[in-house]
Amino acid sequence: MGDLGEPIRLDNAGTTVRLLPEHRVIMDLIAEGSRVLDLGCGEGDLLLALKIKKNVRAEGIELSEACIQACVAKGLFSVQHGDLDEGLANYPDKSIDDVILTNTIQVLHRPLFLIREMARVGRRCIVSFPNFAHWPVRWQLFAHGRMPKTGKLPHEWYETSNIHLTTIIDFREFCHKAGIHILQEIPLRPSGPGRRSVVRFAPNLRADSAIFVLEAGPAMIANPAPAL
Amino acid sequence: MTMEDKCSVGIVETQSHTFAQLPQEMLLECGRGFGPITLAYETYGELSPAKDNAILILHALSGDAHAAGFNHPHERHPGWWDIMIGPGKAFDTRKYFVICSNVIGGCKGSTGPSSIDPKTGRPYALTFPMVTIHDMVNAQRALIDHLGIDQLLCAVGGSMGGMQVLQWVVSYPERVRLAIPIATTSKLSSQSIAFNEVGRQAIQSDPHWKEGEYYGHPTPRRGLAIARMIGHITYLSEKSMHQKFGRKLQDKAEYGYDFRADFQVESYLRYKGDHFVDRFDANSYLYISKAMDYFDLAQPHGKLEQAFANVKAKFLVISFSSDWLFPSYQSKEIVSACRRVGAEAIYTEIQTDYGHDAFLLESEQLSSLITNFLTHGRKGAS
């Protein structure tokens, strides 16, 4: 991570959080008072910010016991210790307004399964991921013949948990195959510490990450449970 | 832990409340009216003027009302959850009014099969009615009424105590703000019922049991000890037993080639069994273990989420990774039902090797989860 900006003050009581740049963009996408589920919610900073700033019903699922402890210490009352690879069976169809998955899809064993679960449960899904076609990544592979390491992808190939890396173009195709409709694409590039700006030109080359806003498409609605 | 420990609640007296005096009997789930009923309980800390800081602690199968502190200055061990209850502990008695209630059917100061039936002047034995978790909770409600508390800040318990927590929030949704069911389930698995049944069979096969009519005579000690030994195995994990005992021999260097206790684990279980019979009544064991078997929160409602439909409480559901008696999936089912009806629920599985009994042991994770949950939960509007 290492890309956290200045702490953001949330209320008069002095509650502060540090948000990833993507989280700041996602904050603006969320409607006041909605029901939000953050998958891989970590220590709950985004959920807390959304709860205080947007008055959302904040729910989260997180694999790490220590992170759950941190969420409880923040006063979040709907965080659940669990493995995203097991899906979202607890949640009825369309029970959540926005299901969020930030910087996590690349570590899942079954990304297709989860994205369809997200589209089943959520009216909208917001997914962010590092773009593996970002030019410094391409350059390291092309010019040096080395496995790319960047700020977004800092680990050695043998230590990384990123097993399903993707690019903006590939993610688009993935959504299409999953029967998921893309509502909005927000390719991002760094623009100062803790900041991202939207990439308008040649996003698959110039964006280091992207946020996609999705919903279940007609194909998925017509055929809700194909063999995965 | 010593008496001087400033984190101790010190000397406490077990109190009791008697209600359902004839003819105003309490209607039990089995359809029988029953009374009078006495419940033993202890309290620690002070009830706030607004009466909004009461926490009800609910105990497991073999527990009692004595959850913290010492009943007399020479008592060797403090109450069963002393690590969690006291000044500065998770259930901080400087902030909260903590109540621990014994259950109906028990043998530690509450009405149970060993109590005297006022109609006959003799112990009830098997004429004692079959009681359920629901009945235990209804009886506790009478106690909470007696204490003048409209709404509990929190109901908390592990194992069978957790079943009572769940029954509390379902039966009396307006009366519990925070619920902490630990290492528990909304219904016993077939495997757990099987272990309970073996325990009961051990008691009932003891020649001293005599259809429960043993009061005033030698008691079914062997049977009860075996029941406790079986229970104890289910409370530990394979790994924790291995770490604690391995294949180490007890007070000897070589096998004895006889049926005395060779292995430490054998002598430990014998000790646990023998120790238990001195403090527990065999008939109470039969009744309470059967109450656990009958417990099925979903059954009257069809589905668990329907049972939770009117629940108002916020939940902190905790399981332990090595608990194979009430495995994590059973806690997840509770959380799942909460999610489906939109009730707020935190779920965490604590990594531990100590098995089901982990909730009774000192745990930084357990303490801090509960401390934070109570602090934030108390702040939130009821």
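1. Chain A of this predicted model carries 8 helices and 10 strands. Its radius of gyration is 17 Å, close to the 17 Å that the globule rule gives for 228 residues, so chain A is as compact as a globular protein of that length.

2. Of the contacts in chain A with a separation of 6 or more, 63% come from residues 24 or more positions apart.

3. Turning to chain B, you will find 10 helices and 14 strands. The globule rule gives 21 Å for 382 residues and the radius of gyration of chain B is 21 Å, close to that value, so this chain too is as compact as a globular protein of its length. Along the principal axes, the C-alpha atoms of chain B fill a box of roughly 65 × 50 × 50 Å.

4. Buried residues account for 52% of the 382 in chain B. Among its contacts between residues at least 6 apart in sequence, 71% join residues at least 24 apart.

5. Do have a look at the domains of chain B. The assignment gives domain 1 as 15-188 + 297-379 and domain 2 as 193-289. Taken over C-alpha atoms, the centres of domain 1 and domain 2 of chain B are 26 Å apart.

6. Where these two domains of chain B touch, domain 1 contributes 23 residues and domain 2 contributes 20 residues. The domain 1 side of this contact in chain B has 13 nonpolar, 8 polar and 2 charged residues.

Note on methods:
Residues are numbered from 1 along each chain as its sequence is written. Chains are lettered from A and ligands numbered from 1 in the order in which they are written. This is a predicted model: local features need pLDDT of at least 70, side-chain atom pairs count only at pLDDT 80 or more; totals for chains, interfaces and linings use all residues. Helices (H or I, at least four residues) and strands (E, at least two) are DSSP runs, numbered from the N terminus. The radius of gyration is taken over C-alpha atoms; the globule rule is 2.2 Å times the number of residues to the power 0.38. Two residues are in contact if their C-beta atoms, placed from the backbone, lie within 7 Å. Domain bounds come from an automatic or database domain assignment. Ala, Val, Leu, Ile, Met, Phe, Trp, Tyr, Cys and Pro count as nonpolar, Asp, Glu, Lys and Arg as charged, and the others, Gly among them, as polar. A residue is buried if 20 or more other C-beta atoms lie within 10 Å of its own, exposed if 12 or fewer, and partly exposed in between; C-beta atoms are placed from the backbone.
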